[in-house]
Amino acid sequence: MAIPISYNWRNLVARKTTTVMTALGIALTVAVLLSALALVEGLRGMLDSSGHPLQVLVMRKGSNAEMTSIVTREGFQDLKLKPGIARSKSGEPLASLEMVTVIVLESPENPAGININLRGITPVGFELRDTVRITAGRMFQPGKREVVTGQGLARRYPLARLGAKLRFGRGEWEVVGIADAGGGAGNSEIFADLNQLSSDQNRSEALSSVLLRAADAAGVQALINDLENDRRLNVTAMTEKSYYSAQASSASTIQFVGMFVAVVMAVGSSFAAMNTMYAAVARRSAEIGTLRVLGFSRPAILFSFFLESLLLSLAGGLIGVLMVLPLNGVTTGYGNMVTFSESTFNFRVTPELMITGIVFAMVMGAVGGLFPAGSAARKQILSALRGA
Amino acid sequence: MTKYLPLILKNALRNRRRSALTIISIAFSLCLLGLLMALYHAFYFSEPTSDQALRVVTRNRVSLTNPMPLSYQQKIRQTPGVRDVMIMQWYGGAYKDARDPGNMFARFAVEPDKMATVYPDWKLPEDQRQAFARDRTGCVVGRKLANRHNFRIGDRIPLEGDIFPGKIELTVRGIYDSNTDNENMFLQWDYLKEMMSNRRMDMTSMFVLRVERVEDVTGVSKSVDEMFRNAPFQTKTESEQAFAISFLAFLGNVKLFLFSICGAVTFTILLVSGNTMAMSARERVREVGILKTLGYTPGSIQAIILAEAVCIAMAGGVLGLAMAQGLTSFVRSAPSMLADLSRFTIPAPVAVLCLLLAALIGVVSCWIPSWTAARRPIVEALRFND
């Protein structure tokens, strides 16, 4: 017969201070792990919601980022005549020639400034990005030095807020609108008129990339093959989705550091849990003897103490999850190694992440509880009753 | 106090398993703390080497990807305090499969004849330097990079360009050792120029300046930026070290990240050791009663218990620091493009700080349990039954 779980619960409550201290140690360890993972999760989520499944991004062969790619207007004229490209209501091919560059944006937090993506775009580009909505202000006017900033940027940088003026190219650019890109990469970009921007930057002919929409899902791969095999164009093509999902590799450093720190802390915490459980076993020696006299078996005692350690760590895991919950939705930025600019996104504490945290805590509890539970089960009835 | 030392040590060793568990637990946490603080130190407090301190970098104010006219070189060269100015252009490109982070390393085009003036601290044999200068398609690579990819002199390295399109093949003409970076590749500016489109022809993304004296750094930086303040391409000039730190900011809020982890770790140690000390103190209440009957004052009893806690915490600290120092070799060999960690070690101030922190943790965690134990009335203490 198993020892009732309420026995363990009451024991944990009776030794409040020790329980709380051990659980808090475990909670902090879980919190460190989860904050790093929530950051990675946020970046992944942002990248996953970027791009349209029917869309194809075209860059020059050899480039793996829009910023290092060059596509000429001449090349674009040939490109947009390819068969299989969807048409707009007015019958024009849905193909957007764009220019991507980087500017440095200063913020009080970072006076030296951070690289931010700046995208020159035409109306068809917004037609392709149908999730982008202007939430404040208005769209920039073609031929003017006006920009629209992603709302993630606007939240983090005073210089990206409505009415602010940015200096680049040949003059000052006014922020006239804030855009919500539906959680995607557009939230960390600045949009400007393609023609105005490219002439300001002395690159009217040499732009960066082309975004196309395939007429239907079946035609996406055919369009990609067609573009890749056209030697005259000399371009590389990929789905917009895969372009963004490849950027998740940028988070590998923070993921590694977060996990390393958490694992090292976990070793410390499970040793602490072990200490607590050994003390519990020592102090309850007489109780253990009594339980044995009552007829509870050695395995039942082993299981009971093991369970108590698991309960302790479960409490720690829950507190740890509660500690990171306020992080959920907080906007942050992280260097994207592919675009060489900052990606803005929100921390995401998903249910899967919470389960990971709790399992991680329980593993600490299991490691810490196993040996003390074993020593409790091995006690001889008589010596246990005497309290030795 | 020293006369109590045997008693303190005996107490610490009484419950060996508990002391060992506590020491190991503290050691792991302090190992982490030591590593993180050493990283912080390496990022933000490391002293530039005497030659690095004389280097200044000029770039376009808008961002590194925006170029500046080559004509600036001559103008900057004439600024008082400047010894020489070298063109430095980011080549980019890809080596083998660019998706493998191991194949990522920085590649710059430079002027070989100016390297000796700008980078006098580099150990690059004179014959290798000349071989590089003679070969248009030659390159020099850092020692760490060469070791990682097994590059040897005479090897040919294929690269696929992106900013400067086309496939090229460079011959390794030299391998350098430097105190500040060992992971970059440098090719000839003249060779890169052949690959440039007209648009980029007379532009570069960076100038590396060598100033005469350390005191000139601020003045030169200011006057260069001032000179181009009303020009179509404004500049941003700063010391090489500040330039390197600006890359670190790119990774996100590194300072906050390190601070919060250090905070969490410190608090965890405090909990762990506080818990242990509270347990030991409780078990010894009766002993305290006996010590009191023998005439020990509450003060000395508390001191004895505190000293035991400090001993255990310090033992954990020493062990943790030793572990951290062992781990630095992994950090040293890891590829790092954003910060130089090739000389990464636990610096003395960090070690001292960690040990002080360990001692402090011992005292803080034990203060309340030892205080209550030492001030319990004799009779009550003797009767105490846990």
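Modeller: What follows goes through the domains, the chain interface and the cysteines.

Modeller: This is a predicted model, so local features need pLDDT of at least 70 and side-chain atom pairs count only at pLDDT 80 or more, while totals for chains, interfaces and linings use all residues. Residues are numbered from 1 along each chain as its sequence is written, chains are lettered from A and ligands numbered from 1 in the order in which they are written, and side-chain values use heavy atoms, with hydrogens and water left out.

Biologist: Into which domains is chain B divided?

Modeller: Domain bounds come from an automatic or database domain assignment. In chain B, domain 1 covers 2–46 + 252–383, and domain 2 covers 62–233. Taken over C-alpha atoms, their centres are 48 Å apart.

Biologist: How many residues of domain 1 of chain B are in contact with domain 2 of chain B?

Modeller: Contact means heavy atoms within 4.5 Å. Nine residues of domain 1 of chain B meet 11 residues of domain 2 of chain B in this way. Buried area is the accessible area (1.4 Å probe) that two parts lose on being put together, summed over both. Between these two domains of chain B that is about 670 Å², with 50% from carbon and sulfur atoms. On the side of domain 1 of chain B that touches domain 2, the residues are three nonpolar, three polar and three charged; here Ala, Val, Leu, Ile, Met, Phe, Trp, Tyr, Cys and Pro count as nonpolar, Asp, Glu, Lys and Arg as charged, and the others, Gly among them, as polar.

Biologist: How many salt bridges are there between chain A and chain B?

Modeller: A salt bridge is a side-chain nitrogen of Lys or Arg within 4 Å of a carboxyl oxygen of Asp or Glu. The count between chain A and chain B is zero. The contact takes 55 residues from chain A and 49 from chain B, and the area buried is about 4,500 Å², of which carbon and sulfur atoms give 66%.

Biologist: Is B:Cys366 buried or exposed?

Modeller: Buried means under 20% relative accessible area, exposed over 50%, and partly exposed in between (1.4 Å probe, protein chains only). B:Cys366 is buried, at 1%, whereas B:Cys311 is partly exposed, at 32%.
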